[in-house]
Amino acid sequence: MHPAFSVVFFTTATGAGYGLLALLGVLGPLGFIAPDFWPGFVGMGLALGLIAAGLLSSTGHLGRPERAWRAFSQWRSSWLSREGVASVATFIPAGLFGLGWVILGRLDGWVAAAGLLAAICAVITVCMTGMIYASLKPVAQWHSPYTLPGYLVFSAMSGCVLMNALLQGFALASKTLLAASVLLTLLGWGWKLATWRHNDRLEIPTNANTATGLAGGTVRSLEWPHTEENYLLKEMGFRIARKHAAKLRLITQALAFGVPILLLVAALALPWPIAALVSALAAIVQFAGMLVERWLFFAEAKHTVMLYYGR
Amino acid sequence: MTCLPSHTDKRLGLVIDLDTCVGCQACVTACKEWNTGGHMGPLTDIDPYGGHVDGVWFNRVHSYEHVTEMGGRTVNFPRSCLHCETPACVTVCPTGASYKRASDGIVLIDEDKCIGCKLCSWACPYGAREFDTDVGVMKKCTLCVDRIYNDNLAEGDRVPACVAACPTSARHFGDLGDPQSPISHLVAERGGVDLMPELGYRPTNKYLPPRAHTQRAASVPAKALEPVRAEGGFLGWVDRMLSS
Amino acid sequence: MTRGQPRGANSAASQRPLADTRAPDEGDGVDTSPVVSDRIAKTTCYMCACRCGIEVHVKDGKVRYINGNKDHPVNRGVICGKGSSGIMQHYSPARLKKPLLRSGARGSGEFREIEWEEAFSIAAERLSNIRRTDPKKLAFFTGRDQSQSLTGWWASQFGTPNFAAHGGFCSVNMAAGGLYSIGGSFWEFGEPDWDNTKYFMLFGVAEDHDSNPIKIGLGKLKARGAKVVSINPCRTGYNAIADDWIGIRPGTDGLFVFALIHELLKAGRVDLDYLIRYTNAHVLVVQEPGAADDGLFLRGGDNALLAWDRVAKASVNAADPDAKPALTGSFTINGRRCAPVFQLIADRYLDGSYAPDAVAQRCGIAADTIRRIAAELAHVAFEQTIKLPVAWTDWAGRRHETIKGRPVAMHAMRGISAHSNGFHSCRAIHLLQVLLGTVDVPGGFRFKPPYPKSAPPGPKPAGKSVKPMTPLDGMPLGFVCGPDDLLVDEAGTPLRIDKAYSWESPLAAHGLMHTVIRNAWAGDPYPIDTLMMYMSNMAWNSSMNTVETIAMLTDHDEAGNYRIPFIIYSDAYYSETVPFADLVLPDTTYLERHDCISLLDRPISHADGPGDAIRHPVVEPDRDVRPFQSVLIELGARLGLPGFVEEDGSAKYRDYADYIVNHERTPGIGPLAGWRGGDGTAIGKGAANPNQLQRYIDNGGFWHHDFADDQRYYKMANRSYLDFAVQLGFIPKAEPIVFQLYSEPMQRFRLAARGHGKVRPPEAERGRIETYMDPLPIWYMPFEEAAVDPQKYPLHALTQRPMHMYHSWGSQNAWLRQITSQNRLFVHHRTAVGLGLADDDWVWVESINGRVKGQIKLVDGVNESTVWTWNAIGKRRGSWGLKDDAAESNRGFLLNHIIGDQTSADASGKRYSNSDPVTGQAAWFDLRVRIVKCAPQEAGFTEPQFERFQQPPHFRPSPDMLRFGVEFRHERESAE
């Protein structure tokens, strides 16, 4: 599948944003953070900013973005529509929660309820995003039990690492949060490795025989219906060399998981403000790593239509 | 509405005979020509005279070499929308642009509602949908919905353009939901198959597989030729035959 | 609801409209009944040589849609990939806009626009001078011309013998091979009996002129379960759906057929009765080596051919229907030893050298397969005989209660014809058909009227005498019956610029278009002044040895003048040949013109009846262009050519349409056969009918006559048919047409080579004539294969056009070029392994003539010693309105670059045209190559590359986007 930047950035940014939002929505009301202006302003700004940027970026993928509002109508059948609805719906409790925290300076009562609701909405939205891909049977690498948990785990992971950086930035360091960041990153790493392992061993029942209805033997593409690349090849025919993919997997592991873990562990031992800088660096590096991960998520996904093209 | 109709009155579709298709591209350009001025038209061509030419087409013909222990065969393979009974391209559509008609089962796109998110093309395993970058919407085979019911065409012409054009008679059209229809009989007789049945989209269109070579070769039950047994050999035989 | 009889080809129950075509009440707002057009014009397609009937839907003066005409006898409603893309051809940005006069160097593409008046006066002045001095200095060669009865007649009235169309390049071997054998041919002039045949053999055909009829026919065979056997090195197109694909080695089809004949003879599986009734198998051939009549037929006192009556034990008129002729034996009659033709056939083909085991390796076909095919042929022909319950009467008045048929049919084309042994291979296939008794019988190969004609048909080629201001005494192209008919002078030097009907190519019934440029350049046999060409891309894919051809077109003599002094060219598009013209006459598209598809030329008949058709303007040209035929008629009038002017010197015909209606070639016979006579009731012969064109238009653009049931078969000997054929002017007399298994005209050439007769070949040509003018079919190794070192050039290389561009100006077509804009070289997997090549590699394809670079694609479905590619995809930069980055000129390649236009030098140093020695057919399938992986830095682009042509004035760059059809939608939407 073609790794369009608009979509790569959309899923990565909203994943991190919703993760952060969910943590803020839960940890705020739990008293984990004081209802101070700046952490609230920066935290909620960052979460909602990432979400908004991601959603805006996703409209870059649309042929007719001015009609995007229509996407809220088919929630009964379409995961994309559900995601649209959920993402917008999330803004309501998230907005109230943010207002309560930042303007009113409180994290209790209805603000807490709004926070918790926002967290639930965020999780639901991430699930919807994951299901967009997990529901696509023509892409076996996506239509797998690993996809939806993956989106949740990466959302939680990048949200937590962001949250840690945020709290560190306000010198509100929490060893628990740091530890959670490390653990979630380890979990993400493990999940990604397991996903890759699963995909690399995937035995796909759909092949050129079933695609053409020609039973038995081998079916080899002789001539395409057209010489130059068409929409299908550009959109779904993206190919990545095995060597190239292996390199990018290493980079993913380093940036999204390995380096952040090292930095986070170092932050445990380092004094403020170095710990804060290191935590921020971990979040940034991880975000970059997740962009690579998401790029690979598309690039390594093979669509059944390419069976017709012998790719 | 992208929820699927629980039942369609008809299941209109095509049957394509891979035993007979010579890969001439007639259906391909007949489709292009009708539809570029039709319901979903234009079928835009980008860079039509240049090195990166890329047009919208609803029907494309591949060719394959199918090699089994029986030998090899070149198979020409037209590919277009199969008007599935449970098409994911419809249900994934967030806007209701993509829909399946309850009356005849044709899968269509309402262009005015399409936001061009391309998800339907991801959801279709068959590559039936093509994006028109010029207008930013998805387009696809309409089963010539503007021909098959068109009062302004002679009645005999109210079939999909590809079926009308096919010079080898390799394409058929009809109601596959009616087991008594001629097209259903054809499918039953020739063992018509679904493409990627394992994905469960229940395509309406069927493909008739090529008949096995040996089966056809055996249709000439010729005994090996024996030299004539006659005095004087062949020439003696000729004389005898003429005299008899 | 009621429904009439289904029309058209696709009318199976599973191809008809829904029983109820009323739109269901879906409520989705879809307009299921848009208005398609304001009017429908029924005319004839011109996207290739098939000439299908089309319905052009016009909306607001713009072509909206083209579909097949269901009533048309050629395509019965179907339409091919080209036909449906006609819109893109019609609206092509490469269309010429105005007459052009060269302003820069020839070949540069620098032109200035001129008015038609200036164009006419330049052409008329030039041609008038030629006609006044030496008319043969005009060479007029057309290409995919469908108006040869006009263009040939024009040349004849001008007085030049130097006329031909592209048949010599295309398939004259098929035409001559058939016409000299059975008085009809494969090609589009005959067809298998699709409704009755049970066993169909297809030789060297992946696509053909008769494109849609063959496809419709194959569909019928498939529906009936008849067996299809294809003999072809490449498994594409029709061969893909064959039940049996026999991947023969190129150029060995004749040998394969001889092995089949060998097996059939040996087993006594030939139709002796058919042979006696319809062929010259029983005619006696003089066997007196050294004598002047050796090998000629034995004739009686009244010049009648003789046979030996077995019962009477005496010679008898071979045509006597009551005779009991012998087919074997040796006799001495009137002091001449002689033997029946059949004896000679048996002697030759029963020889062990034609046994399956002896030919298997050379053909690349297992001997068992050959034996199996022979057995199957025999089985179907003799065990599955069919009888149609129709009584008929033969020429001799014998009534037959049924029409008996042997349901084996054959068709052959390019793969047979484009070899230097193609004429004989084609004759071999006809011999096979005739031995099985399957020509023009139910289930067999059938003639399309006006065929069959006598084998060979008349008249003979004109051009022996060329005088200023004098028309030829006939048409330039015809059929020779012996050395006396050749167009050579006393020294044996050719009289025609292309050397047709010379000792080098005696039976050149279609001329040798492919030799004209070289011969004109070399002044061999003489220099010419003006080369006039129409619709023939001779500076590119209609030439062999393109690189040198281009050089010859632009070469200068010592004085600095072009060696070919003046070139006039007419084309509708900016093709690769236009830039080489000095004067360009822009033609219209096929939707803007009148045309006739005439029985005098290449009609649209099918086996069940004759037919012809017209084109008429569907839309008006939006450019200053004129149909070439009308231009030619005006030019004829300006030159004062007889037949083109009235006695007072005024133009006889207003334009081509006027000519089509009013021209009479012989009294009562004109270009169109339908609706003749003052009241339009006559067919074939009759006075001109001023309303004729309207009658054609009213009838859908064509005329077709359906035979009575008893006229449909055995046309060579069917009294009712023969009488009809005379009535329509197809044949002069209602005499039976005898299949010439043994060709006496060919033997006459051999006798001349042996020193007999008045007209004898020069010493140097005698060996060739003796060898190749064998009166019975022979096989010899194709010339290039025989000449080159098989170790150095181990592969055959073929080129064929894809179905969607066959015989078409396809590469500029915005739709068709999307399907194929780069051609690959197809190589067998195992061959590639041996050469260390992988899929998608770029290779040099090298022949003795040069090298060209392209990309390979590995396949299984090809003969292992053969590589092949799609032809005419490669285009020169700056032509056809294509952009500079188009794949056609960057990755596509033209195999023609490396096909020699001459043979290797023989012992005396002489080089002949790379052609069949009998007919002059271009032997572009003889090519031998090697393929070599190119260096890494050489990959990715084709070579040789040519300088980009400049664009004609007012040529706008081709558009970056096409939204064809959007206007119809806007109109629909605004109407809502």
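Me: Which residues of helix 9 of chain A are buried?
Reply: In this predicted model, local features need pLDDT of at least 70 and side-chain atom pairs count only at pLDDT 80 or more, while totals for chains, interfaces and linings use all residues. Residues are numbered from 1 along each chain as its sequence is written, and chains are lettered from A and ligands numbered from 1 in the order in which they are written. A residue is buried if 20 or more other C-beta atoms, placed from the backbone, lie within 10 Å of its own. In helix 9 of chain A, the buried residues are Thr252(A), Leu255(A), Ala256(A), Phe257(A), Pro260(A), Ile261(A), Leu263(A), Leu264(A) and Ala267(A).

Me: Where does helix 9 of chain A bend?
Reply: Helices (H or I, at least four residues) and strands (E, at least two) are DSSP runs numbered from the N terminus. A bend is the angle between axes fitted to the seven residues ending at a residue and the seven starting there. In helix 9 of chain A, that angle is about 40° at Ala254(A).

Me: How many residues of chain C are in contact with chain B?
Reply: Contact requires C-beta atoms, placed from the backbone, within 7 Å. Chain B brings 88 residues to this contact, and the number from chain C is 105.

Me: Which element gives the largest share of the side of chain B that touches chain C?
Reply: The share is 8 residues. They come from residues 26–36 of chain B, which form helix 1.

Me: Which residue is the bridge partner of Asp45(B) in strand 35 of chain C?
Reply: Strands pair if DSSP finds at least two bridges between them. Strand 2 (residues 45–46) of chain B and strand 35 (residues 961–962) of chain C run antiparallel, joined by 2 bridges. In strand 35, the partner of Asp45(B) is Leu962(C).

Note on methods:
Two residues are in contact if their C-beta atoms, placed from the backbone, lie within 7 Å. A residue is buried if 20 or more other C-beta atoms lie within 10 Å of its own, exposed if 12 or fewer, and partly exposed in between; C-beta atoms are placed from the backbone.
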